[in-house]
Amino acid sequence: MSEPETTTVAEGVARIEWAAGEAVDVVRREVAAALLTHHRVEALVDPADVTEQRTATWSGLHREGLLRGVAGGEDRMLYARVASDAPVEAPEGFRALLNSFLPRKRAIGQMLVRDAEDRVLMCQLTYKKDWDLPGGIVEVGESPKLATTREIEEELALVLPAGDLLLTDWLPPWGGWDDAVCLVFDGGVHPSSILEKTTLQPREIRSVAFCTLDEVRERAADFTARRVEAALAALKGGPTYTESGRP
């Protein structure tokens, strides 16, 4: 089996290639040698080749993302290591390596806000026809609870601190989205006149309204309606975990 090949592809940047089935120790030594003369070493790996992805990882290369159509129109997974990375043998280096390829599931924070008639605050969105609970995507490193409060303030100009977690709803892949976990927090009961205090974020929110369950079913996607029903049921001791709104 031939030795791995390393070429310089940019100033201070080397690219390493190895034959299928090459030993991890051999590739690791080649990576270490390349870092003596370069500040970055990278490799392009077939995303369908699990064995070679493992070789890249255990050679100390961090997975950085998918490059689409770069190899004769085919996708390649980009792996790299930079000179400043902590040694893989060190705890922080090993954690960083694992963190580069372990799954990262999208989190969504939403709030269940009710009025005195037990209607639910719903938002008509600009980017899809279905209505939804107020809330949004949790940013990297952000608390889901704080993210939900932030989203309500940004989208509706309402300061409503998120209360207790009512429901964890797993959402399967849908419509081009990866799967996600939706966390529904209690927003409490408020007078319906709270709508007069809203200022809608025009890029995302078209209108807001307190809706009965029948209105939620009419305006929202079926899985959203199930989530709203499940969150209301959780207030009364129902299941606190659902998948697409189903226990």
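Trp58 is partly exposed in the predicted model, at a relative accessible area of 35% (buried is under 20% relative accessible area, exposed over 50%, partly exposed in between, with a 1.4 Å probe and protein chains only). Local features require pLDDT of at least 70 and side-chain atom pairs pLDDT 80 or more, whereas totals for chains, interfaces and linings use all residues. Residues are numbered from 1 along each chain as its sequence is written, and side-chain values use heavy atoms, without hydrogens and water.

Trp58 and Phe94 form a stacked aromatic pair, 6.3 Å centre to centre with 25° between the planes (rings of Phe, Tyr and Trp, the last by its six-membered ring, pair if their centres lie within 6.5 Å; planes under 30 degrees apart count as stacked, over 60 as edge-to-face and the rest as tilted). Trp58 lies in helix α2 (residues 50–58) and Phe94 in helix α3 (residues 91–101), 36 residues apart (helices are DSSP runs of H or I with at least four residues, strands runs of E with at least two, numbered from the N terminus). Phe94 is partly exposed at 37% relative accessibility. Trp58 also pairs edge-to-face with Phe101, at 6.3 Å and 80°. Phe101, likewise in α3, is 43 residues from Trp58. Trp58, Phe94 and Phe101 form one aromatic cluster.

The largest nonpolar core has 22 residues (a core is a set of buried Ala, Val, Leu, Ile, Met, Phe, Trp, Tyr and Cys residues joined through side-chain atoms within 4.5 Å). Its largest share, 6 residues, comes from α6. In α6, 10 of 14 residues are buried, including Phe223, Val228 and Leu232.
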